[in-house]
Amino acid sequence: VPGLVDVSIGGRVRRVGISICEDLWVDDAYFARQLYDGDPIVELADGGANVIVNIGASPFSVGKPQRRVELFGGKARQCGRPIVYVNQVGGNDDLVFDGASGAFDADGRQIAQAQSFEEDFVVVDVGAGTGETGDPSRTARAGIGQGERHGQDARATTNGGSGISPLPVGDASMHAALVLGTRDYVRKCGFKDVVIGASGGIDSAVTAAVAVEALGAGRVLLVAMPSRYSSDHSLSDARALAVALGARLDVIAIDELHAATDRLLAAQFDGRAADTTEENIQARIRGAILMALSNKTGRMVLTTGNKSELSVGYCTLYGDMCGGLAVLSDVPKTAVYRLAAHINERAGRELIPRNSMVKPPSAELRANQTDQDTLPPYDVLDAVLERYIEREQSAAEIVAAGFDDATVRRVVRMVDVSEYKRKQAAVGLKVTSRAFGTGRRMPIAARYV
């Protein structure tokens with residue numbers, strides 16, 4: 001059987017089954033549809049493997065680490081063989097690999113769990129057993145040759161001193177993935193510092209907090225760019241954020257550039273009513289300023305848009321979409337609020353200003369503007385988007401689940417016609433089961449839409 005290797009351990013030959021990544025996912029409904037017939041892990045066990053090692057590169061999404069434990073433990077129990085799972089850790093472009101390697105005994109019990117989102121070293125004794133090659137041991141246990149089989153005191157040896165490192169869940173795992181993904185993307189692309197447009201809103205605040213944790217406050221430059229439509233609290237909230245994070249804040253007002261652009265285009269716009277064109281000019285002025293700072297200082301621009309906005313095109317091409325990394329592009333707006341609360345709770349103090357968390361979200365590109373002038377309430381919008389994008393449900397299926405027909409069809413339409421924007425967006429970090437980019441490829445020229 002391919003993948004079987006005989007190795008000498010302590011003077012005795014043991015047969016190790018080597019598998020790669022998706023070999024261990026054959027029982028998962030999604031992967032099972034894509035793999036050829038047969039179960040590589042069962043084949044290794046039937047071929048006489050005493051222990052099965054899986055070398056994986058399994059990218060993170062919320063809930064996936066817990067799914068691995070459930071799936072891999074079940075496979076160990078099914079085959080009656082210890083399974084050792086070794087996963088990659090680190091950020092590679094849009095993908096974040098969370099590590100969280102583990103080991104399971106022959107009865108499917110987890111006996112070791114490495115750290116998540118960081119490198120770790122774990123020593124696991126899966127049992128010497130009594131059989132020769134071809135007679136697999138069922139005495140897997142944690143520890144260095146000590147501990148009863150499945151005993152309560154059995155443990156592995158790790159750098160952290162505990163055999164089972166807890167898996168972060170929910171928003172805590174999403175936050176850890178964003179920090180690791182930001183750190184690795186910036187550094188692996190040859191940058192040391194970043195620049196972020198700070199509007200005083202929740203998205204830029206969470207992006208800044210992630211960047212400071214990933215890189216250090218001294219490597220994060222925040223830039224507030226108020227216009228004639230900016231509220232007083234936008235600048236004060238941006239200042240409060242900078243103070244809390246210990247990051248530098250520069251203020252560059254765009255009124256002069258905005259007024260000059262209005263004069264420059266007055267003849268061409270004569271006779272046409274003001275619309276989103278004038279609003280987008282402001283966003284593009286800000287994008288040009290951030291890119292100029294990037295060019296001059298060597299800082300990478302981090303964009304601040306979230307998944308809800310990117311989904312429906314509530315963003316400005318060559319404006320707030322300008323940048324090298326879109327930190328929150330796979331984080332729905334409702335999850336951004338939860339991340340802000342998690343960041344503050346984790347810090348034990350208010351890093352994200354409370355006002356940024358409670359005020360109505362606004363692009364502030366016209367007087368008294370709020371996001372809900374254009375979009376459904378974010379809890380409704382995110383629920384529809386999750387079904388349409390991540391679950392791949394049709395509009396009819398979403399309506400059948402109890403959502404308003406007109407709202408669903410409007411949201412679906414906005415998603416479909418905004419594909420051209422997303423194709424030109426910065427690379428974004430994947431943290432859900434279906435992110436835009438390599439995970440969801442749709443045509444721009446979709447006349448059927």
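**Nonpolar cores and a surface patch**

In this predicted model, the largest nonpolar core comprises 48 residues, and the residues with the most contacts inside it are Leu 178, Val 206, Leu 222, Leu 302, Val 331 and Ile 352. Two or more residues of this core come from each of helix H4 (170-188), strand S11 (194-197), helix H5 (202-215), strand S12 (220-224), helix H6 (232-245), strand S14 (300-303) and helix H10 (333-347). The most is given by H5, which supplies 10 residues. In soluble globular proteins, nonpolar side chains tend to be buried together.

When neighbours within four places in sequence are left aside, Ile 352 is in contact with Ile 202, Ala 205, Val 206, Ala 209, Leu 241, Ala 340, Ile 343, Asn 344 and Met 357. Another core lies apart from the largest one; it has 21 residues, including Cys 315, Leu 375, Ala 395 and Val 415.

Val 5, Ile 18 and Ile 55 make a nonpolar surface patch of about 230 Å². Of these, Ile 18 belongs to strand S2 (residues 12-20). The relative accessible area of Ile 18 is 32%, so this residue is classed as partly exposed; residues in patches must have over 30%.

The number of disulfides is zero. Cys 21 has a relative accessible area of 17% and is therefore buried, because the limit for burial is under 20%. Cys 189, with a relative accessibility of 38%, counts as partly exposed.

Technical notes
Residues numbered from 1 in each chain as written. Predicted model: local features only at pLDDT ≥ 70, side-chain atom pairs only at ≥ 80, totals over all residues. Heavy atoms only, no water. Patch = residues over 30% accessible without salt bridge, like charges linked within 9 Å, V, L, I, M, F, W, Y side chains within 5 Å. Areas by Shrake-Rupley, 256 points an atom, 1.4 Å probe, with all protein chains shown as cover. Salt bridge = Lys/Arg side-chain N within 4 Å of Asp/Glu carboxyl O. Helix = DSSP H or I, 4+ residues; strand = E, 2+ residues; numbered from the N terminus. Buried < 20%, exposed > 50% of the residue type's maximum accessible area, 1.4 Å probe, protein only. Disulfide = S-S within 2.5 Å. Core = buried A, V, L, I, M, F, W, Y, C linked by side-chain atoms within 4.5 Å. Contact = heavy atoms within 4.5 Å.
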